[in-house]
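This briefing is meant to be read beside the sequence and the coordinates.

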Amino acid sequence: MRKLLFGRLYTAVILVLVVEQAISAEYHALPEKIELFGPHDRQRVIVVSVENGQVTADKTSVARFAVVPPAIAQVDEGGLVWPKQNGQAILHISMSNGPTLQVPIQVRGMDTPAPSFRNDVLPMLTRAGCNSGACHGALAGKGGLKLSLRGYDPEADYFVLTRQALGRRVDLAQPHRSLLLLKPTMTVNHGGGLRIDLDSPEYLLLADWLISGAPGPQPNDASVVQIEVLPKQVILRPGEKFQLLVRARYSDGRVRDVTHWAKFSTTEESVAVVNEEGVVEIRGHGESAIAVWFSNLVAVGEVLVPFPHQVAEEVFARAQRNNFIDDLVLKKLKTLRIPPSPICSDAEFLRRVYLDTIGLLPTPEETQQFLADRSPDKRAKLIDRLLERPEFVDYWAYKWSDLLLISSRKLSQPAVWAFYQYVRQSVADNKPWDLFAREILTARGSNLSNGAANYFVMHRDIAELTEKTTVIFLGLSLTCARCHNHPIEKWTQDQYWAVANLFSRVAQKNGDRSGEVIVYDQASGDVPHMRRGIPMPPAPPDGVPLALDDPRNRREYFVNWLTASDNPYFARALVNRVWRHFLGRGLVEPEDDLRLTNPPTNAELFDALTREFIAHRFDVKHLIRTILNSATYQRSSQTVPENEADDRFYSHYLVRRLPAEVAIDVYSQVTEVPTPFTQIKVGTTGGVAETTQFPLGTRALQLPDSLVVSGFLDGFGRPDRSQPCSCERMSDVSMSQALHLNNGQTLNDKLRAKTGRIEKWFQEKITLDEAIRRLYLLALCREPTVQEREKIFTALGTSGQSIPSREVLEDLFWAVLTSPEFLFNH
């Protein structure tokens, strides 16, 4: 719980969720002090209303501003402060129904000889869109002018602007004739249209730079080290507007307002939109993040818009809480005024936890035993039993095989089996996730003896290896930074090739056995930067670089950074994947997109789960047990009117279709007819070959290779294992799936089989009523209701005492096994 302390009258109020400390409504000014450096600097001031520690409104429009003494700085009616001369002053802010606020002003550097190309001119051109991908920042440039995308290469940009085009872009003898002034102001024709107004501060800055001799980037230029959004979080109502501030902190200690040069975007336009000036307008209820980009750094502000529901305090006070997960989920729900659904029934929980944890249904005997158990801790005991079953190992070995892309597309069959068996044994041993990652990323030797070494056999290309590794183990995509600085994130091209150089000394050679590859480390070798043509000192993302001549093993250096307890990405990436598996939606979506501009729906919960995972030494099974035991996981999928629109704050369990492999396995389980897997895809042209690797009875979740032929698995969304992206697995419902269930062989062959459960029941001559009861227990883990029985009897024109034909039994099975209640986990 973060508490907000207010010192002086102008103290900023940021970083709030639900604050225990009760404070009466009052006004505060942001920022708490103003520092201006040079004649082109400026600072916007906003006045906010604060209630009980929460920023709730922008009151700038009703404030009156004055600077004392006025010789130091000037302020307009909107709160924008400009410097006039070096010195100190006070900004007085008068409110019609409140006290006068005071903000100190410090002005320095008014004698600065010229604006900085790196810190003034380039940010201004970037904001104007001159170096965007749609303009001169395109790969081939535009109109003969090629700038680096969003100014990531100041030296090259300076050369292009001042030395090319016969010096017409920058004319130092007659600055007013420079194309750099004439084009964006449309004084002469410009294909990009009007970008800078003649009477704007941007025009004055550019003109001043030209008049001062257009100085270039200097080695001692200060660099931006951090940007922040003020306020960090705000609670608003539909229809309201709010001005955000963006401040940049530089390496020389300066802090300046860059709101006018920043770029803004919103994650949820149905909740809030933001214009190019940073003004947020509320459109609906919920939560939205406002992402801010400046000088290749990003920051995020949060906007909360509580729903208009009137939810009694006792609803949250009485809600079941099993562990810290529930405390933090209910805390967020209370802030947004979303009531939680009640806890699900024992029958619903039983079916749900079996399917989510081991990918199978409980047997009728297990169902009846669990439902008859009256012990208060029976759910916790069931979870413990499921986590020790071999089917749990099968399911999670398959899940990590998806993530690691294990398939014969790039590996020989012996190598596939070696890698899969390594993964499966790791799950069976409950190997800590940090050790699992370490063994894979530092693997050496034969890929057949050490299955983990196949990770490098699969990813021989250095760029592919870099990008797959960061997605799998960090939840970060660096792909855009391969060719240029990332357009919406902080990652630079230099950082990309620094990460790539960590793997530059991994080498391979053929072994003595068929399909054998030996993975080893070379003593030297570097990968050159794509643009610079020289190697970058090897470094993890945001990590300390190694010297190019450092003798330490680079992979081990990377893994030591990766698995450190303070790594900001590694544990979070795994926590988010596991959470999404059980709750249907990641705390961050997509699950493998943990960029700063894609914040979690419950940051406090995400932090707490990550700390718990690290504190228990990266124990995946402990993490799963904690999630399954939470009341959040055990909530009903049935909504109440006030939470039916919620799909991200976990007020109820999210209904979702069974994964393809689970669906086909439970079809086999209910019908007692195993699925044959007798073919595997080969070559690059769609060929298939017969295989005897998988004896009859092998479940889909036991297959090591995604190229095993199955029309059902492909139709129901089995991932191709080409990319470690959650988007590869399709969970949507489609017409082709309905046609497959109606006309396809997979289910219909099981219903017609003479060796399955249907044939046994028919030969046993059980009554229709008994068949219905057994089938409901098998497939739905519950008894049929009286209404359901009567509906079936009526449809079949029978009293339920006999089964007229085998076809009737087949139709009964088909109707249940294609029902939403069966095909969805709920």
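The buried residues of H27 pack against helix H20 (660-671), helix H23 (745-752), helix H24 (757-764), helix H25 (768-780), helix H26 (786-796) and helix H28 (820-823). Here contact means heavy atoms within 4.5 Å, and buried means under 20% relative accessible area, with exposed over 50% and partly exposed in between (1.4 Å probe, protein chains only). Helices (H or I, at least four residues) and strands (E, at least two) are DSSP runs, numbered from the N terminus.

The model is predicted, with local features needing pLDDT of at least 70 and side-chain atom pairs counting only at pLDDT 80 or more, whereas totals for chains, interfaces and linings use all residues. Residues are numbered from 1 along each chain as its sequence is written, and side-chain values use heavy atoms, with hydrogens and water left out.

- The residues of H27 that are buried are Arg 806, Val 808, Leu 809, Glu 810, Leu 812, Phe 813, Val 816 and Leu 817.
- Helix H27 covers residues 806-817, and its 12 residues should span 16 Å at 1.5 Å a residue, which agrees with the 17 Å between its end C-alpha atoms; the expected span is 1.5 Å times one less than the number of residues.
- Ile 803 lies in the loop between H26 and H27, and its relative accessibility of 13% places it among the buried residues.
- Although Ile 803 and Phe 762 are 41 residues apart in sequence, their C-alpha atoms are 7.9 Å apart in space.
- When neighbours within four places in sequence are left aside, Ile 803 is in contact with Phe 762, Ile 766, Thr 767, Leu 768, Ala 771, Val 808 and Leu 809.

**Nonpolar cores**

- A nonpolar core is a set of buried Ala, Val, Leu, Ile, Met, Phe, Trp, Tyr and Cys residues joined through side-chain atoms within 4.5 Å.
- The largest nonpolar core has 158 residues, and those with the most contacts inside it are Trp 400, Leu 404, Trp 433, Tyr 455, Phe 473 and Phe 822.
- Not counting residues up to four places away in sequence, Phe 473 touches Leu 404, Ala 437, Ile 440, Leu 441, Tyr 455, Leu 562, Phe 570 and Ala 573.
- Another core, of 57 residues, lies apart from the largest one, with Leu 30, Leu 161, Leu 180 and Leu 236 among its members.

**The sheet of S1, S4 and S5**

- Strands S1, S4 and S5 form an open sheet of 3 strands in the order S1-S4-S5, with antiparallel pairing; two strands pair if DSSP finds at least two bridges between them.
- Strand S1 (26-30) and strand S5 (54-58) stand at the edges with a single partner strand each, so one side of each is left without a neighbour in the sheet.
- Neighbouring strands of this sheet are turned by 40° against each other on average, direction ignored, where axes are lines fitted to C-alpha atoms, for helices over the stretch in contact, and angles run from 0 to 180 degrees between N-to-C directions.
- Strand S4 (residues 46-51) pairs with S5 in the antiparallel sense over 4 bridges, and Val 50 has Val 55 of S5 as its bridge partner.

**Strand S10 and its partners**

- Strand S2 (residues 34-37) pairs with S10 in the parallel sense over 4 bridges, and Glu 35 is placed opposite Gln 106 of S10.
- Strand S9 (residues 87-95) pairs with S10 in the antiparallel sense over 7 bridges, and the two form a hairpin with 5 residues between them.
- S6 and S9 also pair in the antiparallel sense, over 6 bridges, with Val 68 opposite Ile 90 of S9.

**Cysteines**

- A search of the whole structure finds 1 disulfide, the term standing for a pair of cysteine sulfur atoms within 2.5 Å.
- The disulfide joins Cys 725 and Cys 727, with their sulfur atoms 2.2 Å apart, and the link is right-handed, with 130° about the S-S bond.
- Cys 135 is in no disulfide, and the nearest cysteine sulfur, that of Cys 130, is 6.2 Å away; Cys 135 is buried, with a relative accessible area of 15%.
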